[in-house]
Amino acid sequence: MGESATLTLRGESYELPLVVGTKDEVGIDISRLRAASGAITLDSGYGNTGACTSSITYIDGEKGVLEYRGYPIEVLATHSNFIETSYLLIFGELPTTSQLTEFRQLLTKHQFIHEDMRHHLEGFPPNAPPMAILSAMINVLGCFETDLSAADDDAHFMKQAARLMSKIRTIAAASYRKSAGRAMNYPRADLRYTANFLHMMFSNPFEPFDSDPVIIDALDRLFILHADHEQNCSTSTVRMVGSAQASLHASVAAGVCALWGPLHGGANVAVIEMLRQLIDSGQSLEDFVASVKNKDSKTKLMGFGHRVYKNFDPRARIIKEACDRLLDKLGISDPMLDMAMRLEEVALNDSYFIERNLYPNVDYYSGIIMRAIGIPTNMFTVMFAIGRLPGWIAQWREVRTNPTSRIDRPRQIYTGAVDRSYTPIAKRDSA
Ligand code: CMC
């Protein structure tokens with residue numbers, strides 16, 4: 001008998017086994033608690049609930065550690081590239097040269113979307129939110145690619161993963177070109193993943209286009225930093241939808257919608273809007289921070305705080321350094337960066353933020369990098385989604401290949417009305 005915890009409930013004791021991870025994280029397995037005691041656990045927002053065991057990503061929020069498949073994010077952000085890191089996340093190991101070549105060839109082979117999908121794109125109004133288009137178009141993709149299950153067939157799954165990764169980039173660029181009233185660019189077979197995306201976003205038909213290698217590198221690194229983050233809101237959504245045995249496309253489309261929210265991936269847009277408003281209004285930072293601290297104002301310091309990181313977000317550190325380097329190399333002086341740094345300093349010295357362990361998160365400086373690259377603000381969360389896709393794919397596959405996986409179905413404690421008798425409508429009207 002392994003280690004266990006004892007729960008005393010209404011005078012009865014229950015032994016609950018422990019599950020210990022490879023980094024000595026301890027979970028109390030309550031899967032048999034209701035059957036044994038009739039009680040469930042309640043954990044609003046799931047702050048203390050492990051929904052699964054997983055071998056993909058490890059976070060130590062107290063120490064600011066993030067690892068993909070055992071490799072520290074700092075190492076991958078320095079030495080790897082987005083496609084190699086994606087392969088690592090999805091298939092569990094860094095690829096050999098021939099494995100990477102095979103994966104890259106699949107990405108190139110599947111980079112075009114079906115021509116008929118352009119009609120779907122044309123149907124969206126010009127001001128449609130790009131995250132709505134992205135989610136809808138991933139579902140449309142699922143209508144054109146119907147061989148979508150087989151998570152346990154390696155070759156088929158690799159094709160499926162490569163197709164989705166390749167096409168999400170074509171769809172994202174096409175949705176931007178549509179919103180900007182510009183012709184869609186076809187992908188190019190001679191360009192690597194990130195350079196190809198920049199070409200589809202920014203080149204003009206019949207004009208030569210070469211992205212600055214500094215920009216390609218910065219965006220590639222940004223994608224690596226977003227590639228997975230264990231059981232966050234969108235990933236949990238992907239896993240939950242996948243647990244019902246929905247297809248990869250359906251699950252990822254749902255994940256895109258979750259990511260869209262301003263408390264999650266949408267924060268990168270909200271940060272820029274906050275900084276712009278501060279610059280335009282001339283409001284003092286002290287006044288702004290005071291309004292953030294006033295709960296009645298419902299104002300948050302966007303890009304600050306994290307459910308898991310209570311010391312620092314390692315991604316934010318890397319992004320801040322990358323941001324400084326990129327702006328320096330491109331010779332850009334961005335007033336938003338100055339404002340962000342001043343605001344960060346005011347917040348980090350304020351007892352409200354100190355006491356609550358609130359630090360800049362991944363979204364605080366990422367928008368400034370994207371502005372420097374030329375990505376329009378309404379596409380920021382789409383960039384997050386492109387980066388997060390390999391993580392979603394890996395997590396979906398983990399659910400679908402786990403023989404003990406069951407449909408996710410939380411319980412609740414009912415707090416509504418009881419034992420009411422039905423009154424016919426005529427009597428309700430006359431009451
Ligand atoms: N500004 C002001 N107060 C904050 C902030 C913030 N950004 N974040 C947390 N707090 C306060 C919160 O009001 C609470 O105060 P109190 O104890 O007095 O009630 C305390 O800090 C603890 O916060 P919480 O709301 O319990 O934290 P949470 O784990 O539920 O929420 C969060 C995490 C990321 C949603 C939240 O920090 C937040 O809303 N941040 C701003 C949005 C943001 O930047 N989101 C991106 C997250 S990182 C990337 C991603 O996941 O997509």
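This is a short chat about a predicted model and some of its local features.

Q: What kind of model is this, and what pLDDT do local features need?
A: It is a predicted model: local features need pLDDT of at least 70, side-chain atom pairs count only at pLDDT 80 or more, and totals for chains, interfaces and linings use all residues. Residues are numbered from 1 along each chain as its sequence is written, and side-chain values use heavy atoms, with hydrogens and water left out.

Q: How many residues surround the ligand?
A: 21 residues do, and the closest are H264, K295, K300, L301 and R307. A residue counts as near if one of its heavy atoms lies within 4 Å of the molecule.

Q: How do those residues divide into nonpolar, polar and charged?
A: Ten are nonpolar, six polar and five charged. Ala, Val, Leu, Ile, Met, Phe, Trp, Tyr, Cys and Pro count as nonpolar, Asp, Glu, Lys and Arg as charged, and the others, Gly among them, as polar.

Q: Which polar side-chain atom lies 2.7 Å from an oxygen atom of the ligand?
A: One of K300. In the side chain of N361, an N or O atom is 2.9 Å from a ligand oxygen. G265 uses its backbone: an N or O atom there lies 3.3 Å from an oxygen of the ligand. The cut-off for a polar contact is a pair of N or O atoms within 3.5 Å.

Q: How much of the ligand's accessible area does the protein cover?
A: The protein covers 74% of the 930 Å² that the ligand has on its own. Such areas come from the Shrake-Rupley method with a 1.4 Å probe.

Q: New topic. Where is N357?
A: In the loop between α16 (351-355) and α17 (362-373). Helices here are DSSP runs of H or I with at least four residues, and strands are runs of E with at least two, numbered from the N terminus. Phi of N357 is near 55 degrees, a positive value in a residue other than glycine.

Q: And D419, buried or exposed?
A: D419 is exposed, at 80% relative accessibility, while N357 is partly exposed at 30%. Buried means under 20% relative accessible area, exposed over 50%, and partly exposed in between (1.4 Å probe, protein chains only). D419 also has a positive phi, about 50 degrees, without being a glycine.

Q: Which way do the residues of β4 point?
A: From β4 (residues 57-60), T57 and I59 point one way and Y58 and D60 the other, and all are buried.

Q: What does β4 pair with?
A: Strand β5 (residues 65-68), in the antiparallel sense over four bridges; pairing takes at least two DSSP bridges. I59 has L66 as its bridge partner.

Technical notes
Polar contact = N/O pair within 3.5 Å; in protein donor to acceptor, adjacent residues only side chain to side chain.
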